[in-house]
Amino acid sequence: MISFMLRRLLWMAITLLVVFTVSFFLMRSVPGGPFDRERVLEPEIMQNIEKRYNLDKPLYQQYLFELSKVVRGDLGYSYKINDYTVNEVIAEGLPISVALGSLALVFATTLGLVAGVTSAVLRGTWGDVLLMLIATLGIALPNFVIAGICILLFVFLIPLFPAAGWGDFNQLVLPAFCLGAPYAAYVARIARTSMLDVLSQDHIRTARAKGVGPLRLILVHALRGALLPVVSFLGPAVAGILTGSLVVEQIFAIPGLGSHFVQAALQKDYTLAMGLVLLYTVLLYGMNWLVDLSYALLDPRVELA
Amino acid sequence: MSETPNGKPGEAVLVPQVASMGMSLSQDAWRRLRKNRVAMLSLGTLITICVLALLTPLLPLQAPDRAQTALQYEEPTASPLWILSRHLDEDEIARTPALVSMMEKELAVLKTRYKQARKDSIGLEDARRQLRRKEAEIQDTVQAPYRNLGYPQLGFLSRSMVRARFALFGDWSINSLCGRDILGRDLLSRLFWGARISLLVGLVATIVSLVIGVNYGAISGYCGGWIDDAMMRAVDVLYSVPFIFVVIFLLTILGEESIADELAYWGINRITVFFLVVGAIYWLTMSRVVRGQVISLKHELFVEAARSLGASQSRIIFLHLLPNLMSVVLVYLTLTIPRVMLFEAFLSFLGLGVEPPDVSWGLLANEGIKVITPVKLYWWLILFPSLALGATLLALNFLGDGVRDALDPRLRDT
Amino acid sequence: MSSTSRNLIACFLLGSLLLTAVWTTLGGGLPPADFTFINESEVKSVDPALITGQPEGRIAYSIFEGLIRNDPKTLEPIPGVAQRWEISEDRLEYTFFLREDARWSDGTPVTAHDFAYSWRRFLDPRTAAEYAYQAWYIKNAHNYSRGGSGVRPGDAVEVELNLPPDAINTLRGEVIYGKLVRIVPRSDDQRDFVVKIAGKDTTFRPTDDSEAAKVQPPNGVRWCRQVLLDFHEVGIEILDDRTLRITLENPTPYFLGLLGFYPLFPVNQRCLETYGAPAWTKANHVVTNGAYEIAFRRIRDRIRLVKSDQYWNRENVRLEVVDALAVESLTTALNLFLTDKADWIGDVPPPAMRELVREDPPRNDLNPAPFLSSYYYLINTRRKPLDDVRIRRALSMALDREEITSKLLPAGEPPSLSLVPPGIEGYHLQTAEPESADEARRLFAEAGYPEGHGFPRLEILTNTHEAHQAIAELIRKQWQRVLGISVKTRNEEWGAYHTSMRQGKYDIARRGWISDYTDPNTFLNMFITHSEQNSTGWSNAKYDQFVVQASYEVDPQKRFRLLEQAERILLDELPLIPIYTYVSKNMVKPYVRGFYNNVRDEHYIWAMWIDRSLEQQNEFMRSRP
């Protein structure tokens, strides 16, 4: 177990190094340095700045210098928002993205499971077809289209939720729903298939023959078996929700990491963009690790290797 | 966004029994697929869409990029069904070869000058700039008659198709059945032209990823040992790279004017970068699945037989193993194309997708989303692009399900 | 592990997810603000010396105050920190008498020293303030802000010595004064300064603090941070704590107005030197002297302003808590306004505007009005063949501005053929040649590109914004249609677009300019040869001469004639193509009072209040600039 974790950590460090190296050299290959001011600087001033930030040194020394800073956890200043360091931006954005993401995940799993199980129970009926059609549509439409339609429906047609912004729980529901929708659709499809599979197995048949009520049969006996494939989907789902929040945060004006990243990349705020890429790498690693761990806990056949 | 390449979908799941795979199996599968009505309907839809997209320049549509501001935001209309559009200037087309051949002579001169400059390494920058400018000039001259009509940059085939279209239908074209946008451009024809790019993006990027993934997986699985170990470790590492971020990062950096110029010189525009980058990301899952397949296949009798007959390693991999991976590849194809198309839509939303005057469905959907306000709904601008995108992806998904069921009923949903 | 415990774990995982979601949002609940407005993009900084944009300006006008303020309706100068002022006969000397009760938010008085400190910092080349040229009207200010390039042998100079590298970065090194003997160039970007101090020549070599701390200077040389003109030479003079005298280079009729413009607002020395930059701008550190203080700032979310209890005029500030939301999407902003989550938005998406202006009865929260501004395309004259004036004239003539404004600009923006918009009293409108497709084609043929043959591909650069992109698309079509040339469009986010422009990386770039002060000079000054704003590479000695001559001219009538002649040259040479004049597109709730349409579309929070009992129209609906 401990060696499993250590190995994971080691690989994470290697991945981070690769990501950092690639981003660093990409950043430096772009014309216009980090201290491109709007105003033409006096030669002395420019030179002083270059010396201060080691820009007058050969590239590999700059690389080592930057690397040592990142290793110490200092991601530097944002190029474009003068008053903030990258660390501060992350500190403000991360909790927001986590809140949005976890609520979206809750939506995805609960809605998906309910739809999937219902669909499996109603197998072959119109209800089944309709649910699966909606689920597939959830996969087939871009996130921003779903969000636009949701705003029209639930903000203006039926005024249930605020249009945008961040602050209270109400403002979180609609974006979380839009973010979770495609994953709810995936979960529904997976749950349906595995549920059908479980329902045809012997022990369920036996239970049914014994006279166990249909509700109890589904909730207690069948659902447990159907849950496992859903959990194994959580890894990709978490990754997708993390990155999918780019769009949703933009549309709903939520100041999470996703909108920070999009803005940073589009504004060529390279330090911020790189810091966020590194952070996301850590997050992805962490999530994959958690999913593997929970998978091992849930399924006795899986060994941690 | 659909699922990302960062997860590990399907790894443990896509391991069909392969013992009896061969021609009979695929025939068997085809038989089963034909019985699946939803899948066949989807296949029909997809084929229709593809054929229409391919033949778009031939169809009696209005030019996709022709602005008619007088008709700004015109609602969908079918009466009259046919309207007159602008005339293709045949004379100008007839004149271009003469112009072009003249310019090509100049181009040849510039080329030798460029080579000379490279040898002497003086004035290289200048020579290259002149060379590029002349090339762009030739391209612009050839395109001019079409561009004036409101067509995007056309390839040779598309140009002859457009000429054939004017020969066939004259100046008549279908009225704006799907309405018009802010510049009065016809949405119907934009949808058709958008289909070309969207489908192309989906297909090409998927194929790129397929080629990388299959080869990588096959080599890794076949070689085994430490090579396999190392190759799969690399895949593990890449799995945890947040690729969507990297792609955005990359596209913005490559969009820098001087770099974009350089790339344009090599014939690489944003779409090409997109193909390459997406292809380079989505191969991860494929390589894992293929590796698993190959490992189980390589101990099969027919492989052993080939080996004992003295076939070379590469022969075994490419002739005996790869054809047996068809089923996995097919399933994977139908799963990945929709993802790539959604990814393109996502990038269009961020303004990093195709560049005007080209159009894609993602771009159209994004333009539609922008005009959704509670004050006024230009509903056609969002409805039709979403329908086109949704229908195609729906069909692809259903077809994917069908193919998977047909190839092996035991395969699960991922 | 038993199946029950496995179930438990599954439930636990799901439950903890939900808990995280709820927990993180509970902390986010905020008491509502009295007034909420959409401040477009995230502000780059709240440091008044470093900012340039409109969103930044709205914050700066709320939290800082200059010597004078602008009247919210007429924008005429009214007393700010200065209670009154005297202007000398020759209009070169301004004496300001600061009010007794002007206070910083920490309770200390605002004095003449604060202004001298702030303006010196603003001019310091190390601050690299983009707007520094707004202070160059002050005597010797330009030379001071040019650092080592602004001094000549014989000048009185100040030498700033190095500090340890870990010193707070806003601290000034020790300053010693002397007379510059000579400058010894060492390489392209290095020079030594020989300065006579107390009768002794010393050689100073500028370097960074880190090098100064690590490396011994060569024999006979001393390290320093920089060598500048002696600040005592600059026309900023402290007569006493409450009296400040400013001497100008030239009589500048709009100088008083400039003092109400945020770059010349004061900053607090103690705050800056305690925390360093940029940490001093943090909400819990920053010390301000305006009507409001920053309660907190959440990046890309909001800046919350609360009324300051130290502000001298606090009785007349009526909104207690104000939120400035950073919402980039125009559609989202409109949604917030229509659902009563915002009381003022500054822009409306064009498709919605199309409908809103047509509504019957007319809306009571929308009143578009033209203001002193110009929307135009810059032409990079460094690039061939755009250096040919015939090409530039043809590009301008080939446009159909009426089509652009009537189809894409539904708020009623008027097409324009001039840089200086109409509306400045006494200034005669100058216009470029009228549109003519035939004449444009003729000029193209004359320049060697009949029917556009052989003309290189042009690229139009815009910043990412729905309206700009649509206009660029239409202009692309118009040029293709009329001239037969091939045109591309490219868009970049604001920051990136700004950088591309500054570095001259464009063929043709969209630009808009809103007057900083009510005078044609705010537009014309941008195109003189060495202007920071002139990225076109265009330079005309006669033009420069007219603009400079105008700055010496005391008679306003003669001055305007000179400026008209300058604009005439500009519009004949066309390094820019005028397109239209902006129209303000504010939507303001009917209960908001004290909001006026004015000639710069500038609105001050401190002048506004809310009156829900109002029955007739508010000031906004009644006012035209």
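1. Helix 14 (residues 326-349) and helix 15 (residues 361-370) of chain B have axes that come within 8 Å and cross at roughly 45 degrees. Helix 14 of chain B is therefore oblique to helix 15 of chain B; angles under 35 degrees count as roughly parallel, over 145 as roughly antiparallel, 65 to 115 as roughly perpendicular and the rest as oblique. The axes are lines fitted to C-alpha atoms, for helices over the stretch in contact, with angles from 0 to 180 degrees between N-to-C directions. Helices (H or I, at least four residues) and strands (E, at least two) are DSSP runs numbered from the N terminus. The crossing of helix 14 of chain B with helix 15 of chain B is right-handed; a crossing is right-handed if the near helix is turned clockwise from the far one by less than a right angle, and left-handed if anticlockwise.

2. In this contact, helix 14 of chain B contributes B:Glu344, B:Ala345, B:Ser348 and B:Phe349, and helix 15 of chain B contributes B:Trp361, B:Gly362, B:Leu363, B:Ala365 and B:Asn366. Two residues are in contact if their C-beta atoms, placed from the backbone, lie within 7 Å. By class, the residues of the contact of helix 14 with helix 15 of chain B are five nonpolar, three polar and one charged. Here Ala, Val, Leu, Ile, Met, Phe, Trp, Tyr, Cys and Pro count as nonpolar, Asp, Glu, Lys and Arg as charged, and the others, Gly among them, as polar.

3. On provenance, this is a predicted model, in which local features need pLDDT of at least 70, side-chain atom pairs count only at pLDDT 80 or more, and totals for chains, interfaces and linings use all residues. Residues are numbered from 1 along each chain as its sequence is written, while chains are lettered from A and ligands numbered from 1 in the order in which they are written.

4. Chain B as a whole has 16 helices and two strands. Its C-alpha trace spans about 70 × 65 × 40 Å along the principal axes. Of the 414 residues of chain B, 44% count as buried; a residue is buried if 20 or more other C-beta atoms lie within 10 Å of its own, exposed if 12 or fewer, and partly exposed in between, with C-beta atoms placed from the backbone. Among contacts in chain B with a separation of 6 or more, 80% are between residues 24 or more positions apart.

5. The contact of chain B with chain C takes 23 residues from chain B and 28 residues from chain C. On the chain B side, the largest share, eight residues, comes from helix 4 (residues 124-149) of chain B. The side of chain B that touches chain C comprises ten nonpolar, six polar and seven charged residues.

6. Chain C has 18 helices and 27 strands. The C-alpha trace of chain C spans about 85 × 80 × 65 Å along its principal axes. Buried residues account for 51% of the 625 residues in chain C. Of the contacts in chain C between residues at least 6 apart in sequence, 66% join residues at least 24 apart.

7. Within chain C, the axes of helix 16 (residues 541-552) and helix 17 (residues 556-573) come within 8 Å and cross at roughly 160 degrees. Helix 16 and helix 17 of chain C are therefore roughly antiparallel to each other, and their crossing is left-handed. Among the residues making the contact are C:Tyr543, C:Phe546 and C:Val547 of helix 16 of chain C and C:Leu562, C:Leu563 and C:Ile569 of helix 17 of chain C. The residues of this contact divide into nine nonpolar, two polar and two charged.

8. C:Asp507 lies in the loop between helix 14 (494-502) and strand 22 (508-514) of chain C. C:Asp507 counts as buried because it has 20 C-beta neighbours inside 10 Å. Not counting residues up to four places away in sequence, C:Asp507 touches C:Asn380, C:Arg383, C:Leu386, C:Leu458 and C:Glu459. C:Asp507 and C:Arg383 are 124 residues apart in sequence and 7.0 Å apart in space, C-alpha to C-alpha.

9. Chain A has eleven helices and zero strands. The radius of gyration of chain A is 24 Å, well over the 19 Å that the globule rule gives for 305 residues, so chain A is more spread out than a compact globule. Its C-alpha trace spans about 90 × 55 × 30 Å along the principal axes. Buried residues make up 51% of the 305 residues in chain A.

Key. Rg over C-alpha atoms; globule rule 2.2 N^0.38 Å.
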